[in-house]
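Look at the structure first.

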Amino acid sequence: MRRTLCPVAILFKRENQARSVDWRDNEDEFPLTTREGGAHPCDALNPRPMILFPAIDLKDGKCVRLLRGDMARATVFNDSPAAQAKAFAHAGCEWLHLVDLNGAVEGHPVNRAAVQEILKAVQVPTQLGGGIRTIENISRWFEAGVKRVILGTVAVKEPGLVKAACKQWPGQIAVGIDARDGIVAVDGWTKQSTMRALDLALRFEDAGVSAIIYTDIDRDGAMGGVNIDATVTLAQHLTTPVIASGGVSSLDDLRELRPTEEHGIIGAIVGRALYDGRVTVPDAIRVLKGD
Ligand code: AMZ
């Protein structure tokens, strides 16, 4: 099913988004767009800025990038995750995307100290995933200052917990859907579930999830471009906003992604391309804003 992209359909979708999500509820605190209020008749003509989420993936206390999620193939980019967070913040990033990789594999937070250092070092809002599997852990991270918690494995194994968390922290829960060939992987991508990415996302359509973060695992860290078709198809079936992840290798990839904002793709996670210097933060922000 592909939705027709007439302006009415786009507006309908935006109105749904305005009702169900946080990225505009939180606008006062974290100005993410230039427009006030909900859907506007001009939205179809004046797309909103997309958000750049630079990735800080934590393994053994260091800032690394993996290739296709393989923990054995980590490149260390910074021994000090807090220094990396500061560098991204000084470069003008509006959000940071943090992942506790050891936590995702082990099923509980592991890189707590590194995350806390980051939270101390920067004011920029952060979203954090990896090994967060209980209400208690979610609660602790919010108390520590994380702005949005990402739930992956638990969304497959215990959807009720995700729904309860959405009720308790409206607009502050994102679901991370990481897929190989459209099938969701769990436990730090060491196991495949039997669920299709779309079915998992649809499960939370009415739950008040702030965003679905969709990663194509085969693209992650591979510098081969974003799986735009799969991401757009997912977004077209959802009212929940989608954040694209995996594969950004150049500004051209971001230029290609930019028009998909009209389908409800609200941002992009960029990792290796920023660390390699193939993309700079100001350029990425400019392109994603549509300047
Ligand atoms: O690279 C990996 N092996 C990996 C990774 N980046 N494994 C998990 N994650 C991320 C997901 C999501 O943000 O993209 O961890 C989060 C999900 O963790 P969990 O523990 O809830 O499944």
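Predicted model: local features only at pLDDT ≥ 70, side-chain atom pairs only at ≥ 80, totals over all residues.

Residues are numbered from 1 along each chain as its sequence is written.

**Core**
- The largest nonpolar core holds 79 residues. Such a core is a set of buried Ala, Val, Leu, Ile, Met, Phe, Trp, Tyr and Cys residues joined through C-beta atoms within 7 Å.
- Buried means 20 or more other C-beta atoms within 10 Å of the residue's own, with C-beta atoms placed from the backbone.
- L151, I177, I212, V242, A268 and V270 touch the most other members.
- Strand β1 (residues 51-59) gives the largest share of this core, six residues. Strands are DSSP runs of E, at least two residues; helices are runs of H or I, at least four; both are numbered from the N terminus.
- Leaving out residues up to four places away in sequence, V270 touches L52, P54, A55, V248, V279 and A284. Contact means C-beta atoms, placed from the backbone, within 7 Å.

**Helix α12 (residues 281-289)**
- A284, V287 and L288 are buried in α12.
- These buried residues fall within an arc of 95 degrees seen down the axis, so they line one face of α12. The arc is that of the directions from the helix axis to the C-beta atoms.
- Their cover includes β1, α10 (251-257) and β12 (265-270).
- G290 follows α12, and its phi is positive, near 90 degrees.

**Helix α9 (residues 228-236)**
- T231, V232, L234 and A235 are buried in α9.
- They cover an arc of only 160 degrees around the axis, which puts them on the same side of α9.
- The buried residues of α9 pack against α8 (197-203), β10 (211-216), β11 (242-245) and β12.

Key
Buried ≥ 20, exposed ≤ 12 C-beta atoms within 10 Å, placed from the backbone. Contact = placed C-beta atoms within 7 Å.
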